[in-house]
Amino acid sequence: MKKRFASPYLLLTLTSLFWAGNMVIGRGLREAVPPMTLAFWRWTIAFALTLPFALPHLRAQWPRLKAHWRAIVVLGFIGVGCYNTFAYIALQYTTATSATLLNSFTPVATIALAFVLLGKRLTGLEAAGVVVSLVGVMIIVARGSLATLLGFSLNTGDLWMLLAVLTWGLYTVGLQWRPAGIDPMLMLAAFTAVGVAGLAPLYAWEIASGRLIDPSPAALAGILYTGIFPGFLGYVFFNAGVAAVGPSRASLFIHLMPVFTALLAAIFLGERPQPFHFAGIALVFAGIFLTTRKPAG
């Protein structure tokens with residue numbers, strides 16, 4: 001049983017399930033827990049869980065952390081402070097299904113950003129993949145309506161989710177500048193500490209504006225879920241999976257999120273996927289297939 005649980009493919013599948021649940025929780029708690037509050041407590045809980053594994057490495061690796069503080073601050077702010085916060089704001093206005101489908105655009109957005117910021121040239125297949133996936137995203141955000149697209153009448157939540165995708169793409173590209181030789185749990189703790197520090201003023205602003213948590217058992221359980229499963233275990237499982245099978249193969253498991261989210265949203269939120277969802281996700285997946293396919297020969 002233990003050996004089966006240690007399978008990297010199972011760990012990566014569970015990661016996608018946890019992250020899909022995060023989208024559903026963010027949507028389901030939109031009235032009970034404000035977005036900044038949810039992001040703050042998610043990462044506070046994750047930080048508390050990470051700390052026991054990080055502290056044993058702190059003394060020996062502190063000089064390296066200190067020497068690379070700029071990269072750690074930027075990556076922690078973008079990857080922890082911004083991405084999930086933008087996603088939670090998006091879920092105030094759009095469905096969990098649409099948010100997760102847009103999240104599927106992340107691999108292609110990352111390729112495009114690597115080209116713009118790092119000068120990494122796209123192959124013909126990668127360029128075709130970017131175009132096809134862009135069409136899929138446009139179908140999703142336009143709700144399948146050409147009139148909506150031409151009139152720029154887009155859902156506010158979709159725009160926030162696209163901003164979240166852009167942020168995660170920047171974080172992924174920026175990871176090349178993370179300092180080497182630092183224990184992964186200590187690095188995660190450092191990123192999380194930066195994110196929590198950045199979220200604290202926004203959390204205080206939400207409280208001052210009168211947006212408070214509805215302390216129901218469901219809301220508190222949802223907050224705990226986001227911290228324990230997608231916030232802590234999701235990152236630990238994903239890192240272990242990447243170490244075992246490599247980043248390219250591991251990243252493909254993120255594409256299970258739309259499947260899990262659609263199932264969870266149908267069960268818990270009563271959301272029903274629409275035809276434009278299926279058309280959009282088909283094009284997004286086609287674009288991802290093109291970008292990850294190796295040329296013949």
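Contact, as I use the word today, means heavy atoms within 4.5 Å. By that rule, and not counting residues up to four places away in sequence, Met161 touches Met23, Tyr83, Ala87, Ala90, Ala99, Leu102 and Asn103.

Before I go on, a note on the source. This is a predicted model, in which local features need pLDDT of at least 70 and side-chain atom pairs count only at pLDDT 80 or more, while totals for chains, interfaces and linings use all residues. Residues are numbered from 1 along each chain as its sequence is written, and side-chain values use heavy atoms, with hydrogens and water left out.

Let me turn to the overall fold. The protein chain has 14 helices and zero strands; helices (H or I, at least four residues) and strands (E, at least two) are DSSP runs, numbered from the N terminus. Of the 297 residues in the protein chain, 47% are buried, where buried means under 20% relative accessible area, exposed over 50%, and partly exposed in between, with a 1.4 Å probe and protein chains only. Among contacts in the protein chain with a separation of 6 or more, 89% join residues 24 or more positions apart.

Next, the interior. A nonpolar core is a set of buried Ala, Val, Leu, Ile, Met, Phe, Trp, Tyr and Cys residues joined through side-chain atoms within 4.5 Å. The largest one here has 68 residues, and those with the most contacts inside it include Met161, Tyr171 and Phe191. Helix H10, residues 184-208, gives the largest share of this core, 11 residues.

What of the aromatic rings? Rings of Phe, Tyr and Trp (its six-membered ring) pair if their centres lie within 6.5 Å; planes under 30 degrees apart count as stacked, over 60 as edge-to-face and the rest as tilted. The count comes to 14 aromatic pairs. In one of them, the ring centres of Tyr83 and Trp168 are 4.9 Å apart and the planes stand at 50 degrees, so the pair is tilted. Tyr83 belongs to helix H4 (residues 69-90) and Trp168 to helix H9 (residues 156-174), so this pair ties together parts that are 85 residues apart in sequence. Tyr83 and Trp168 are both buried. A further pair, Tyr171 and Phe191, is edge-to-face, with 6.2 Å centre to centre and 80 degrees between the planes. Tyr171 lies in helix H9 and Phe191 in helix H10, 20 residues apart. Elsewhere, Phe18, Tyr225, Phe229 and Phe237 form one aromatic cluster.

Which residues does Pro179 contact, leaving aside its neighbours within four places in sequence? They are His68, Ile72 and Met187. Pro179 sits in the loop between H9 and H10 and is buried, with a relative accessible area of 6%. Its C-alpha is 9.2 Å from that of Trp69, although the two are 110 residues apart in sequence. Gln61, in helix H3 (residues 35-67), counts as buried at 17% relative accessibility.

Finally, the surface. The protein chain exposes about 14,700 Å², of which carbon and sulfur atoms supply 71%; accessible areas come from the Shrake-Rupley method with a 1.4 Å probe, and for residues only the protein chains shown count as cover. Phe115 lies in helix H6 and is partly exposed, with a relative accessible area of 38%.
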